[in-house]
Amino acid sequence: MSQKPSLAKGTRDFLPEQALKRKYIFQVIESEFKTNGFQPLETPAMENLTTLEGKYGDEGDKLLFRILNSGDYLKDLSPEKIEQGIKAVTSKISEKGLRYDLTVPFARFVAMNRHLINFPFKRYQIQPVWRADRPQRGRYREFYQCDADVVGSDSLMYESELILIYDRVFKKLGIPVKIIINHRAILEGLAEYAGRADLFMQMTLILDKLDKIGKDAVCEELIVAGFEAEKANEILALLESNDLLDRFDLGSISSKGVATIKEIQSYFQDTKLSNPLEFRPSLARGLSYYTGCILEVVPQNIKMGSLGGGGRYDNLTGVFGLPGVSGVGISFGADRIYDVLEEQNLFPEGLSVSTQLLIICLDEVSHKHGFTLASRLREKNISTELYPEPTKIKKQFKYAEDLKIPYVLIVGEEERTSKIYNLKNQIDGSQRKVGEEELVGIISQFENLKI
């Protein structure tokens with residue numbers, strides 16, 4: 001009995017046209033990374049669980065995809081151990097997991113290869129990550145991240161450089177965004193101001209729900225968590241004063257955050273951004289490892305989660321035995337970016353064209369000639385296909401139309417003898433007689449115009 005094929009939840013297939021569009025996104029991002037001096041890096045899809053666990057908070061640990069040990073992984077488990085529950089069992093039957101993000105594996109890499117790299121070390125990485133999350137619009141269990149990180153420098157220039165990368169990439173992609181900035185010290189200052197520095201992490205988790213559940217519900221949760229009603233209301237009143245950065249200079253802790261953001265903003269006095277850089281004091285992402293500036297990118301004209309995020313982390317490599325190495329990085333959510341470009345019809349025309357020229361032949365001898373001609377054209381970087389057999393010419397033309405191939409070259413006895421070919425432009429319907437060198441020039445010009 002045959003099995004009905006299916007996809008794992010939260011994963012997707014990409015047809016050729018979709019794959020070409022994804023490659024376009026990766027190329028735009030990678031080009032900007034390279035322009036800013038970042039070097040490529042790749043790390044394994046799976047890491048030891050000791051590398052991953054405890055780096056993303058309790059909620060993040062729950063979303064790790066764990067890999068079962070090979071062989072009879074239950075043989076050493078006693079009934080008593082099994083009765084203790086899944087948490088006790090997991091540590092005995094799984095030692096590895098799929099990477100949750102690219103930042104923690106990068107920190108592990110830096111610690112292991114500290115003597116082989118030069119600091120500050122700038123790397124970019126474009127690879128898939130996996131999270132056992134509940135699939136929904138814009139959220140997948142397998143998705144690509146495109147990261148750029150700098151380690152080994154405290155300079156705030158790098159925060160500004162990464163903001164500029166965000167700005168230029170989304171300008172090239174045609175997606176209007178807001179680049180949102182905050183600082184961990186400002187959030188810590190808020191908790192201190194309210195007299196509950198001990199509730200800092202709880203406060204940030206509650207404030208992160210502001211857009212989802214509203215001010216009144218957040219206020220209630222703050223009170224339940226242990227904040228006085230008056231202080232909870234004061235915190236929320238302060239948070240409504242977005243862009244009023246000086247209002248958050250509340251004491252020694254928050255002053256550091258305010259000064260840092262002002263310094264980052266100062267880099268853009270003469271270097272103008274195409275997208276707004278907005279201070280938002282409620283931004284609280286990644287606080288299990290971000291220690292300084294926090295960044296997030298959201299689209300302006302479509303309801304979608306963040307398209308990217310990042311921040312500074314001072315202590316991450318210390319977990320792997322390399323203390324005192326500061327880092328800052330950003331990540332692009334390529335799958336959400338794809339969805340926005342698709343929904344807003346923002347992909348450039350012509351991306352679905354991978355073959356530039358189809359050679360169609362009228363007889364068997366011409367088909368062999370066409371094979372040799374296709375080989376020579378490919379050597380000259382012309383993306384060429386030869387129809388597999390000299391069948392009905394209408395069928396061959398339909399193949400070109402279905403694949404949106406812009407040019408068709410017809411080869412028959414007359415053409416192979418004279419080596420002057422009939423070239424048809426499938427876009428405007430025009431035809432002309434061309435030799436091989438002229439043919440290369442015409443198609444190369446089309447390719448340059450398309451780019």
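**Exercise 1. State which residue follows helix 14 and describe its phi angle.**

Solution. Helix 14 is followed by Asn345. The phi of Asn345 is positive, near 55 degrees. Helices here are DSSP runs of H or I with at least four residues, strands are runs of E with at least two, and both are numbered from the N terminus. The model is predicted, so local features need pLDDT of at least 70 and side-chain atom pairs count only at pLDDT 80 or more, while totals for chains, interfaces and linings use all residues. Residues are numbered from 1 along each chain as its sequence is written, and side-chain values use heavy atoms, with hydrogens and water left out.

**Exercise 2. Determine how many residues of helix 14 are buried, and what they pack against.**

Solution. Step one: eight of the ten residues of helix 14 are buried, where buried means under 20% relative accessible area, exposed over 50% and partly exposed in between (1.4 Å probe, protein chains only). Step two: the buried residues include Arg336, Asp339 and Val340. Step three: the buried residues pack against helix 1, strand 6 (142–151), helix 7 (157–173) and strand 11 (327–333).

**Exercise 3. Describe how helix 1 and helix 14 cross, and which residues make the contact.**

Solution. Step one: the axes of helix 1 and helix 14 (residues 334–343) come within 10 Å and cross at roughly 115 degrees. Axes are lines fitted to C-alpha atoms, for helices over the stretch in contact, with angles from 0 to 180 degrees between N-to-C directions. Step two: the two helices are therefore roughly perpendicular to each other, a class that covers 65 to 115 degrees. Step three: helix 1 contributes Gln18, Lys21, Arg22, Ile25 and Phe26 to the contact, and helix 14 contributes Ala334, Asp335, Ile337, Tyr338, Leu341 and Glu342. Contact means heavy atoms within 4.5 Å.

**Exercise 4. Characterise the surroundings of Lys122.**

Solution. Step one: Lys122 is placed in strand 5 (residues 121–130). Step two: with a relative accessible area of 14%, Lys122 is buried. Step three: the side chain of Lys122 reaches the backbone oxygen of Asn36 at 2.6 Å. Step four: not counting residues up to four places away in sequence, Lys122 touches residues including Phe38, Asp149, Tyr158 and Glu161.

Definitions and conventions
Angles under 35 degrees count as roughly parallel, over 145 as roughly antiparallel, 65 to 115 as roughly perpendicular and the rest as oblique. A polar contact is a pair of N or O atoms within 3.5 Å; within protein, one must be able to donate a hydrogen and the other to accept it, and residues adjacent in sequence count only if both atoms are side-chain atoms.
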